[in-house]
Amino acid sequence: MPLNDVPWTRPVTVRLQCGLERTFTGIYDALDFLENEWPLRHGERHDRAVKTCRRALNGIVPAIMAREAFMAACLEAGMPAVMVPPKTITQAAPIRAARIASM
């Protein structure tokens with residue numbers, strides 16, 4: 001991850017046109033994709049996403065705005081975001097009182 005990257009609190013997973021899924025964890029990764037790997041002609045939302053990502057990397061706009069603009073550009077290009085369930089934190093089973101008493 002580059003030093004100037006701004007990570008998102010929730011990654012964005014997109015289904016590419018070839019059917020594969022790709023996860024973007026921050027603004028730099030999304031901007032690189034928008035500028036260097038974009039599969040279609042550039043539309044209005046693509047242009048807005050590039051500008052918003054650049055502004056977010058410079059600290060001008062919040063990261064959430066760049067995330068939303070990136071998702072809108074992907075949707076415009078026919079690459080919908082894939083809903084990934086949040087990771088659940090598993091907790092250890094509580095120690096039973098009988099086990100504690102025997103210690």
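The structure is a predicted model, in which local features need pLDDT of at least 70, side-chain atom pairs count only at pLDDT 80 or more, and totals for chains, interfaces and linings use all residues. Residues are numbered from 1 along each chain as its sequence is written, and side-chain values use heavy atoms, with hydrogens and water left out.

**Overall architecture**

- The protein chain has four helices and three strands; these are DSSP runs numbered from the N terminus, helices being H or I of at least four residues and strands E of at least two.
- Along the sequence, the elements of the protein chain follow the pattern β-β-α-α-α-β-α.
- Of the 103 residues in the protein chain, 31% count as buried; buried means under 20% relative accessible area, exposed means over 50%, and partly exposed lies in between (1.4 Å probe, protein chains only).
- Among contacts between residues at least 6 apart in sequence, 51% join residues at least 24 apart.

**Confidence**

- The protein chain averages a pLDDT of 83, and 78% of the residues score at least 70; pLDDT is the predictor's confidence in each residue, from 0 to 100.
- Confidence is highest in helix α2 (residues 44–57), at a mean of 96, and lowest in helix α4 (residues 97–101), at 53.
- Where pLDDT is low, the predicted coordinates should not be read in detail.

**Helix α2**

- Helix α2 has 14 residues and reaches 20 Å from its first C-alpha to its last, close to the 20 Å expected at 1.5 Å a residue; the expected span is 1.5 Å times one less than the number of residues.
- The buried residues in α2 are H46, A49, V50, T52, C53, A56 and L57, and what covers them includes α1 and α3.
- T52, found in helix α2, counts as buried because its relative accessibility is 14%.
- Leaving aside its neighbours within four places in sequence, T52 is in contact with V61, M65, A66 and A69.
- α2 is followed by G59, whose phi is positive, near 80°.

**Packing of α1 with α2**

- Helices α1 and α2 pack at an angle of about 145°, with their axes 10 Å apart; axes are lines fitted to C-alpha atoms, for helices over the stretch in contact, and angles run from 0 to 180 degrees between N-to-C directions.
- The contact is made by I27, Y28, L31, L34 and E35 of α1 together with H46, A49, V50, C53, R54, A56 and L57 of α2.
- The residues of this contact of α1 with α2 divide into nine nonpolar, one polar and two charged; Ala, Val, Leu, Ile, Met, Phe, Trp, Tyr, Cys and Pro count as nonpolar, Asp, Glu, Lys and Arg as charged, and the others, Gly among them, as polar.
- α1 passes α2 in a left-handed crossing; a crossing is left-handed if the near helix is turned anticlockwise from the far one by less than a right angle, and right-handed if clockwise.

**Packing of α1 with α3**

- The axes of helix α1 (residues 27–36) and helix α3 (residues 63–76) come within 10 Å and cross at roughly 30°.
- This crossing of α1 past α3 is also left-handed.
- From α1, residues I27, A30, F33 and L34 meet A63, A66, F70 and A73 of α3.
- The residues of the contact of α1 with α3 divide into eight nonpolar, no polar and no charged.

**Strand residues**

- V82 lies in strand β3 (residues 81–82) and is buried because its relative accessible area is 18%.
- V82 and E21 are 61 residues apart in sequence and 8.0 Å apart in space, C-alpha to C-alpha.
- T25 has its place in strand β2 (residues 21–26) and counts as partly exposed, at 43% relative accessibility.
- Leaving aside its neighbours within four places in sequence, T25 is in contact with P7, W8 and P11.
- T25 and V6 are 19 residues apart in sequence and 8.9 Å apart in space, C-alpha to C-alpha.

**The loop between α1 and α2**

- L40 has its place in the loop between α1 and α2 and is partly exposed, with a relative accessible area of 37%.
- Leaving aside its neighbours within four places in sequence, L40 is in contact with Q17 and A77.
- L40 and E76 are 36 residues apart in sequence and 9.9 Å apart in space, C-alpha to C-alpha.

Key. Contact means heavy atoms within 4.5 Å.
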